[in-house]
Amino acid sequence: MTVSVPADPYDFELDPETTALVIIDMQRDFLEPGGFGSMLGNDVSLLASTIEPLQQVLAAARAIGMPVIHTREGHRADLADAPPAKLARGRLSCGIGDPGPFGRVLVRGEHGHDIVDELAPIDGEPILDKPGKGAFYATDLELLLRNRAVRRLIVTGVTTEVCVHTTVREANDRGFECLVLSDCVGSYFPEFHQVGLQMIAAQGGIFGWVAPSSQLLARLEAAGLLAAASTSTTTII
Ligand code: TIU
């Protein structure tokens, strides 16, 4: 079955059986005050608006049996997988590996490193720990996707111009087609978010496609894949 999602620059055609939902780095360290995002000097509240639409998309993916993959940026406790250049960057007084309000910043196993409660993974959804910005670099993501015959990705998460963009570029070069959901990705810099999305869809979709989640959910519903009530895409005033 093919579902056509109205998108920029043109309809994104997806078969739910060969498409995966990828949720990038929806970790406390990026979304809550006191984590890595704040250490870098950012207003982390700017990312909060991504959670609710992403919950709806996640519920829809689970309802139709679409594979879901969660990623987390972070490092081993001994920081052996953290490039010295990354550790030094920013000249932070409290940076990667240092103790913060949520435990050691961006270190695996710490409270801040984990995914926010609202989007907690469930059994059967791989959680992919990545040391870099891109989800393909030094991970087995490509293997996981090829083993499930996945060809298209619905990409969500944070931040738009950093880990989302890097991942979309990596995916594009590997032959995966990416639809980025504009309201399910967020940035500490609204202008970077806007331009980041434009850069994906420009030049005939040089890196991929962009659409709001409402378009995806409406098309999945219209195709009979979702019960209208399960996604509540309509606002009742
Ligand atoms: N700083 C920033 O915008 N992002 C990151 O460091 N990582 C991710 O985007 N996940």
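The questions and answers below walk through parts of a predicted model.

Visitor: What is the order of the strands in the open sheet of 6 strands?

Guide: The pairing in this open sheet is parallel. Its edge strands are strand 7 (127-130) and strand 10 (209-211), each pairing on one side only. From one strand to the next, the twist averages 25°. Read across, the order is 7-4-3-8-9-10.

Visitor: Which strand does helix 7 touch besides strand 9?

Guide: Helix 7 (residues 190-205) packs on the sheet. The direction of helix 7 makes about 165° with that of strand 9 (177-186). Besides strand 9, helix 7 touches strand 10.

Visitor: Is Arg72 buried or exposed?

Guide: Arg72 is found in strand 4. Leaving aside neighbours within four places in sequence, Arg72 is in contact with residues including Asp25, Gln27, His113 and Asp114. Its contacts also include Ile127, Leu128, Asp129 and Lys130. The relative accessibility of Arg72 is 15%, and buried means under 20%, so Arg72 counts as buried.

Visitor: Why is strand 8 described as largely enclosed by the rest of the structure?

Guide: In a regular strand, side chains alternate between the two faces of the sheet. On one side of strand 8 (residues 152-158), Arg152, Ile154, Thr156 and Val158 are all buried. Strand 8 is largely enclosed because the buried residues number 7 of the 7.

Visitor: In strand 8, what is the bridge partner of Leu21?

Guide: Strands of a sheet pair through backbone hydrogen bonds, either parallel or antiparallel. Strand 3 (residues 19-24) pairs with strand 8 in the parallel sense, over 6 bridges. The partner of Leu21 in strand 8 is Ile154.

Visitor: Which residue in strand 9 is the bridge partner of Val158?

Guide: Strand 8 also pairs with strand 9, in the parallel sense and over 6 bridges. In strand 9, Val158 has as its bridge partner Gly186.

Visitor: At what angle do helix 3 and helix 8 pack?

Guide: Two packed helices are described by the angle between their axes and the distance between the axes. The axes of helix 3 (residues 51-64) and helix 8 (residues 213-222) are 10 Å apart. The angle makes helix 3 roughly parallel to helix 8, since angles under 35 degrees count that way. The value is about 25°.

Visitor: How many nonpolar residues are in the contact of helix 3 with helix 8?

Guide: The crossing of these helices, helix 3 and helix 8, is left-handed. Helix 3 contributes Pro53, Gln56, Val57, Ala60 and Ile64, while helix 8 contributes Ser213, Leu216, Leu217 and Leu220. The contact has no charged residues and 2 polar ones, and its nonpolar residues number 7.

Visitor: How does Gly100 count by relative accessibility?

Guide: Gly100 lies in strand 5 (residues 99-100). Apart from neighbours within four places in sequence, Gly100 is in contact with Met39 and Val105. The relative accessibility of Gly100 is 24%, which lies between the 20% limit for buried and the 50% limit for exposed, so Gly100 counts as partly exposed.

Visitor: How many Å apart in space are Gly100 and Gly37?

Guide: In sequence, Gly100 and Gly37 are 63 residues apart. In space, C-alpha to C-alpha, their separation is 12 Å.

Definitions and conventions
Residues numbered from 1 in each chain as written. Predicted model: local features only at pLDDT ≥ 70, side-chain atom pairs only at ≥ 80, totals over all residues. Heavy atoms only, no water. Pairing = 2+ DSSP bridges. Helix = DSSP H or I, 4+ residues; strand = E, 2+ residues; numbered from the N terminus. Axes fitted to C-alpha atoms, helices over the stretch in contact; angles between N-to-C directions. Contact = heavy atoms within 4.5 Å. Parallel < 35°, antiparallel > 145°, perpendicular 65-115°, else oblique. Left-handed = near helix turned anticlockwise from the far one by under 90°. Nonpolar A, V, L, I, M, F, W, Y, C, P; charged D, E, K, R; others polar. Buried < 20%, exposed > 50% of the residue type's maximum accessible area, 1.4 Å probe, protein only.
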